[in-house]
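Have the model open while you read.

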Amino acid sequence: MRTSRSILTALLILLPCLAEAGGGLKVVATTPDFAALIHAIGGDGVSLKIMAKATEDPHFVDARPSHIVSLNRADLVVESGADLEAGWLPPLIEGSRNKELLPGGAGRVLGSAGVRLLDVPEVLDRSRGDIHAQGNPHFLMDPLNAGIVTRRLTEHMCRLDPASCPSFRENLSRFERTLDERMLRWTAALAPHRGASIVTYHNTWRYFAARFELVADTFLEPKPGIPPSPPHLASVIGRMKQTGMRVILVEPFQSRRTAEKVARHTGATVVDVCQFPGGLEGTELDYFALMDANVSAIARALGGAGPR
Amino acid sequence: MSLFDLWLWPLLAIVLLPGILVYFGLHVVERGVIFVDLALAQIAALGVCVAIVIGTHQGHHPHTYLWSLAFTLIGAAIFSMTRFHHARVPQEAVIGIIYVVSAAAATLVLSRSAEGDEALKSLLLGDVLLVRRSDVLWTFFLYVVITVFHFVLRDKFLSITFHEKRALPMGGARLRLWDFLFYGTFGLVVTSFVQIAGVYLVFSYLIVPAVCGALLSARILGRLVIGWAIALVAGVAGLLVSVNAEGLDLPTGPTIVCMLGLSLILSAGLARLKRT
């Protein structure tokens, strides 16, 4: 045991790959959306590690050694909260032995704090299929929530790196200006479709729909995380035919084939969208590019399919 | 904080726990019931699903462990009953059927529950990179108990696997009892290791070292020692590569599985050299 210990230690010390370059704040983001917001504030001065890929279902992420190493060295970990990462983040943080990142620690930021969460179940009845007892965690699809979260992130980053704070604040005000300006554009693009209903695979677009006055309460999944069953799909198809819903949103990690099957029966359009920067081409680390892509894809589909 | 501390418990898990799997692997390979571990793990998973659904409906914490244990023992009973029906139905078919039916049944049971896949995955599929101290210690304790049990009764267990003809005079009922004890303890080992390291790693640790041992030695003890050496080297090498692979960022479990695969290729080469 002792020899293998010293061999392992020697190997770990000798190999240089784990030494990360650069000073500045070390931030780990669970998902690429928070990473994009942090990048907007911190720029290249912050060393940033993203745990889930944009094309990966954020409810399931495979543990990698680099996750633990990055967490071990991180000053700050930003998670969505509301149980989104409940299945995989706690054991990684426990494994990282970084006390600052434990719940309540100075380095743990809950993205959902300060955001008004939707779909908080009134009765905690698990049989209704709500995985997220604290509410729906896909809140960044409402751009105003992105503003709230970015302001809070800036505060946290300022506290940990006071020297860079002025530049963080400058970047924040630029972010806010861009957000205000884009909000007008996005609202205008979707305004003609006010009240339209869309079908989504998972309950990801509630916040988006609420902000832009759409309705997104029909899901291809019968319950969050449960694959579509034939009777459920049949009832969705029935409802779509009855109410004339003609747009189905799918994300890269969801079953496009299911959406296509429903589309064949209803004449609907399947639209590729993503809640994560990088999940659509040209949107890496850029929240605005992502929302531009989402809004224009949805507006185009609603325009093409809506009643004329 | 040295990096060593980060990987201490994964390392201990890899060094301490697979030994007993290598031993069971000798049995499994000799009996030709290669996929019995997957079937037992899947039956245990079905038990966990039932516990989840009962727990959610009654609003109290279910005794998940007891449920999975009970289902594992049911599986062990089925395997020990079906051993001698192989006139027309090979046992491998029974194993396959049990696997696929319990996997499908688990999906059906879970569709009654809210938490679905997520809960099941986090309960059943461990990742060796994330093991905790308490997991390693508790599982090690369990394995020591089972090892002692098998060591004390080694004549019986070895003869029911390796000398079936000599064991036959025990009579059908006694033989089935020993078979049941074998599959029962095996089920405990498999399900607890699945919770630590996931399905692929269990399967590889069972089968690959045993096959390497069979290639290189005719004696049971020889196979066991070779198997242990291979499990230890491949496991530690896999962890090191996964933790150090620059830029690749390899998940640990699959890296160890590939290392075991590599050691099988090396053993096959060595066996060839030995023969010529």
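## The domain interface

Domain 1 and domain 2 of chain A bury about 2,600 Å² between them, with carbon and sulfur atoms giving 69% of that. Buried area here is the accessible area (1.4 Å probe) that two parts lose on being put together, summed over both. On the domain 1 side, Ala54(A), His138(A) and Met141(A) lose the most area to domain 2, together 25% of what that side buries.

The structure is a predicted model, where local features need pLDDT of at least 70 and side-chain atom pairs count only at pLDDT 80 or more, while totals for chains, interfaces and linings use all residues; side-chain values use heavy atoms, with hydrogens and water left out. Residues are numbered from 1 along each chain as its sequence is written, and chains are lettered from A and ligands numbered from 1 in the order in which they are written.

## Who touches whom

Domain 1 spans 5-180 and domain 2 spans 187-302 in chain A, bounds that come from an automatic or database domain assignment. In contact terms (heavy atoms within 4.5 Å), 36 residues of domain 1 meet 28 residues of domain 2.

## Polar links and salt bridges

Nine residue pairs are in polar contact between the two domains, both residues at pLDDT 80 or more. A polar contact is a pair of N or O atoms within 3.5 Å; within protein, one must be able to donate a hydrogen and the other to accept it, and residues adjacent in sequence count only if both atoms are side-chain atoms.

The rule also finds two salt bridges across this interface, each a side-chain nitrogen of Lys or Arg within 4 Å of a carboxyl oxygen of Asp or Glu. Arg206(A) forms a salt bridge with Asp119(A), the closest N and O atoms being 3.0 Å apart. Over all chains, the count comes to 14 salt bridges.

pLDDT is the predictor's confidence in each residue, from 0 to 100. Chain A has a mean pLDDT of 87, with 87% of its residues at 70 or more. Residues 12-22 of chain A fall below 50.

Chain B has a mean of 86, and 87% of its residues reach 70 or more. For the complex, the predictor gives an ipTM of 0.74 and a pTM of 0.79.
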